Amino acid sequence: ADKSRDIVVMAEVAEETEYVPHHPKKIALVLSAMRHFAASLVEEGWRVQYYRLDDQEPVSSICGALVRAAAETSVDRVVATEPGEWRLRAALDELPLILEILEDDRFIATHKDFEAWADGRKELRMEWFYRDMRRKTGLLMEGDKPVGDQWNFDQENRKKPPKSVDARPPLWFETDRITDEVLALVEQRFQENFGRVKPFWFAVTRPQALDALAHFVEFNLPSFGDYQDAMLRDEPFLWHSVLSIYMNIGLLGPLEVARAAEQAWVSGFAPLNAVEGFIRQIIGWREYVRGIYFREGATYPLRNALKHTRNLPNAYWGGETKMECIRQVVAQTRDEAYAHHIQRLMVTGNFALLAGIDPAQVHAWYLSVYADAFEWVESPNTIGMSQFADGGIVGSKPYVSSGNYIDRMSNYCGACAYSVKQKTGETACPFNTLYWHFLDRHRTRFEKNPRMVNMYRTWDRMDLDRRETIIEDGQGLLNRLDTGKVI
């Protein structure tokens, strides 16, 4: 780009705020970060054509903003970074201007890199991709070998929640005039959306995001690995970084985040299991799901391999529930526009899969409620990893569990109206009966899966009467969901 010639066009548009009912904190984050970035560009001498959502004559779409800017400045050519959603890419393809799309350089693996890795493979497993990314970046490598002589320390990262938490919450930032204006707009315009916009504490500038990164590395990275799968009541963050929010809107780059973590290990400040686990989430999982999203095409979010059609329970939107784990995660999501990966996968995702919820509705919910959710990253996590709706491209088996897993990794169950130890009956944990109900109704698909054989052996060893009771209880729960009753 050339300051003397080019114009930077930025636009806050209704179409982007409304295609799903985004969490108010998410909308405020994006709009405030945009306005701060535009101000910094102007200070650097750039010409910025900026359209605000609250303009007297606002533009309704990104393409509409580009057409108006072209007319107002007598320009007929647009250079744009590739969007992270097929929806917006399709809209840009209809733009009545000369368009050049550049690849998004905020990722380590290009589309060409991912296609070269995926070509000819029968299974596109993240672990093998991650190892190639380690070799490409040199992160935690000693020549051609991984430091510590193993690629993955996941077995060391599954400790139960500790009795006391010494983690620091993510760095909170005071609002300024720009953010206060955005918050007022969001409160007025999106008051019906699920979620609370205040207190608003996110970083909205690059210097703030760098401070958030430094804060995580100093205070929480050392214990992150041990307890990354733990869940505690009224503890929304524990040792998690919450940096995906800033990486996904471009305030931080993945390599700089990963290298900051690596340096903590090199200096002896953080243990290898914590640093490796954190880096794997960034250069492994994050890059991998983006590759899957673009490889599988625009219809990927519509897939429904298990043919699930049940409606999403109202509890996901803050409705009443007797399940303490669901209540905790949804309340946290409402307040913070954030939940960590195990809360998403093994609580809300696990329940939705066991209950046979329509994956398109689950996808729309996750895309709506989390500040780091954009379709390139959210849909493979939901359609693939969480709901097995892609038929096994992302996951080799469905991620389902009974209540025992949640009890082991959290303190939710002790405060629940249901008993996690009870397997049948009205007060039995719904995860217990729905787990076996799911396996039974999908037996034809999964009984020969090598990772699920033992589950079916356990089921088959149960007395027939007990199996029938479990199925009856599970169906009763599903019938209650269908009739809108509280579970």
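Predicted model: local features only at pLDDT ≥ 70, side-chain atom pairs only at ≥ 80, totals over all residues.
**Figure 1. The whole chain, before the close-ups.**
Let's start with the overall view: the protein chain has 21 helices and 6 strands. Its radius of gyration is 23 Å, close to the 23 Å that the globule rule gives for 487 residues, so the chain is as compact as a globular protein of that length. Along the principal axes, the C-alpha atoms fill a box of roughly 80 × 55 × 50 Å. Of the 487 residues, 54% count as buried. If you look at contacts with a separation of 6 or more, 74% of them involve residues 24 or more positions apart. The accessible surface comes to about 21,900 Å², with 48% of it belonging to carbon and sulfur atoms. As for charge, there are 59 positive and 70 negative side chains, and the centres of the two sets lie 6 Å apart.

Because 8 of its 11 residues are buried, H15 is largely enclosed by the rest of the structure. The buried residues are Pro359, Val362, His363, Trp365, Tyr366, Leu367, Ser368 and Val369. What do they pack against? Four helices show up here: H2 (24-43), H13 (324-336), H14 (341-354) and H16 (375-386). At the start of H15, have a look at Asp358: one of its side-chain oxygens reaches to within 3.0 Å of the backbone nitrogen of Ala360.

With a relative accessibility of 1%, Ser368 counts as buried, because the cut-off is under 20%. Ser368 and Val20 are 348 residues apart in sequence, yet their C-alpha atoms are 5.7 Å apart in space. Which residues does Ser368 contact, leaving aside its neighbours within four places in sequence? They are Val20, Pro21, His22, His23, Lys26 and Trp317.

Is His442 buried or exposed? His442 is buried, with a relative accessible area of 12%. Setting aside neighbours within four places in sequence, His442 is in contact with Leu306, His308 and Tyr456.

Asn449 counts as buried at 14% relative accessibility. Its side chain reaches the backbone oxygen of Ser396 at 2.9 Å. Not counting residues up to four places away in sequence, Asn449 touches Ser396 and Lys397.

**Figure 2. Asp55, in the loop between S2 and H3.**
This view shows Asp55 in the loop between strand S2 (47-51) and helix H3 (62-73). At 27% relative accessibility, Asp55 counts as partly exposed. The Asp55 side chain reaches the backbone nitrogen of Arg52 at 2.8 Å. Glu12 is 43 residues away along the chain, and its C-alpha atom is separated from that of Asp55 by 9.6 Å.

Which residues does a cis peptide bond join? Lys198 and Pro199 are the pair, with omega at about 0°. Pro199 lies in the loop between helix H7 (177-189) and helix H8 (206-219). Next comes Leu140, which has a positive phi of about 55° although it is not a glycine. You'll find Leu140 in the loop between helix H6 (126-137) and strand S5 (141-142), and Leu140 is buried, with a relative accessible area of 1%. Leu238 also isn't a glycine, and it has a positive phi of about 50°. Its place is the loop between helix H9 (221-227) and helix H10 (244-247). At 3% relative accessibility, Leu238 counts as buried.

Methods
Residues numbered from 1 in each chain as written. Heavy atoms only, no water. Helix = DSSP H or I, 4+ residues; strand = E, 2+ residues; numbered from the N terminus. Rg over C-alpha atoms; globule rule 2.2 N^0.38 Å. Buried < 20%, exposed > 50% of the residue type's maximum accessible area, 1.4 Å probe, protein only. Contact = heavy atoms within 4.5 Å. Areas by Shrake-Rupley, 256 points an atom, 1.4 Å probe, with all protein chains shown as cover. Lys, Arg positive; Asp, Glu negative; His and termini not counted. Charge placed at Lys NZ, Arg CZ, Asp CG, Glu CD. Polar contact = N/O pair within 3.5 Å; in protein donor to acceptor, adjacent residues only side chain to side chain.
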